[in-house]
Amino acid sequence: MNWFLVALSKYADFEGRARRKEFWFFTLFYYVFLMLVALLDSALGTFVAESEIGLLTCLFGLPLLVPSISVTVRRLHDIGLSGWWWFIGLITMVGAILLLVLAMFDGQRGANRFGPDPKQDEP
């Protein structure tokens with residue numbers, strides 16, 4: 001949960017690097033919370049079948065759109081890629097899978113053009 005809050009504290013920070021741990025814990029908690037909110041939408045009757053989304057899901061998901069993009073961009077920076085690679089995820093299925101695979105790679109050791117190694121701050 002702490003890593004989710006760390007990513008949220010860097011709300012729109014597209015500079016620097018994000019460790020795998022920060023990215024994956026943010027993603028895990030984001031989707032767990034999203035599923036819980038979707039279940040709440042269904043229970044409260046605020047789910048709209050025509051649009052296939054609920055009111056509470058929108059109210060939860062939209063504010064977290066920017067932090068999810070920023071943590072992904074910083075994760076790409078950690079492996080030495082430009083944040084512009086985020087757009088490859090918009091390509092149907094293949095791009096999203098490629099982006100997930102890229103997020104699995106270990107970050108570059110030492111400083112790179114995007115900043116210092118975030119793992120060096122640990123004891």
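Predicted model: local features only at pLDDT ≥ 70, side-chain atom pairs only at ≥ 80, totals over all residues.

**Entry 1: overview.** I counted five helices and two strands in the protein chain. Reading from the N terminus, I get the order α-α-β-β-α-α-α. I then boxed the C-alpha atoms along the principal axes, and they fill roughly 50 × 35 × 20 Å.

**Entry 2: helix 1 against helix 2.** Two packed helices are described by the angle between their axes and the distance between the axes, and I looked up both. For helix 1 (residues 2–9) and helix 2, the axes come within 8 Å and cross at roughly 100°. Angles of 65 to 115 degrees count as roughly perpendicular, so helix 1 is roughly perpendicular to helix 2. Which residues make the contact? On the helix 1 side I found Trp3, Phe4, Val6, Ala7 and Leu8, and on the helix 2 side Lys21, Glu22, Phe25, Phe26, Phe29, Tyr30 and Phe33. Sorted by class, the residues of this contact are ten nonpolar, no polar and two charged.

**Entry 3: helix 2 against helix 5.** Next I took helix 2 with helix 5 (residues 94–104), whose axes come within 9 Å and cross at roughly 135°. That angle makes helix 2 oblique to helix 5. Here Arg20, Phe23 and Trp24 of helix 2 meet Leu100, Ala103 and Met104 of helix 5. My class tally for this contact is five nonpolar, no polar and one charged.

**Entry 4: a surface patch.** I asked which residues make the nonpolar surface patch of about 560 Å². They are Phe25, Leu28, Val32, Met35, Leu36 and Leu39. I placed one of them, leucine 36, in helix 2 (residues 20–44). Phe25 was already in my notes, from the contact of helix 2 with helix 1.

**Entry 5: salt bridges.** How many salt bridges does the structure hold? I found eight. I looked up the one between aspartate 117 and arginine 17, where the closest N and O atoms are 4.0 Å apart. This pair links distant parts of the chain, 100 residues apart. Aspartate 117 lies in the segment after helix 5, and arginine 17 in the loop between helix 1 and helix 2.

Definitions and conventions. Residues numbered from 1 in each chain as written. Heavy atoms only, no water. Patch = residues over 30% accessible without salt bridge, like charges linked within 9 Å, V, L, I, M, F, W, Y side chains within 5 Å. Areas by Shrake-Rupley, 256 points an atom, 1.4 Å probe, with all protein chains shown as cover. Salt bridge = Lys/Arg side-chain N within 4 Å of Asp/Glu carboxyl O. Helix = DSSP H or I, 4+ residues; strand = E, 2+ residues; numbered from the N terminus. Axes fitted to C-alpha atoms, helices over the stretch in contact; angles between N-to-C directions. Parallel < 35°, antiparallel > 145°, perpendicular 65-115°, else oblique. Contact = heavy atoms within 4.5 Å. Nonpolar A, V, L, I, M, F, W, Y, C, P; charged D, E, K, R; others polar.
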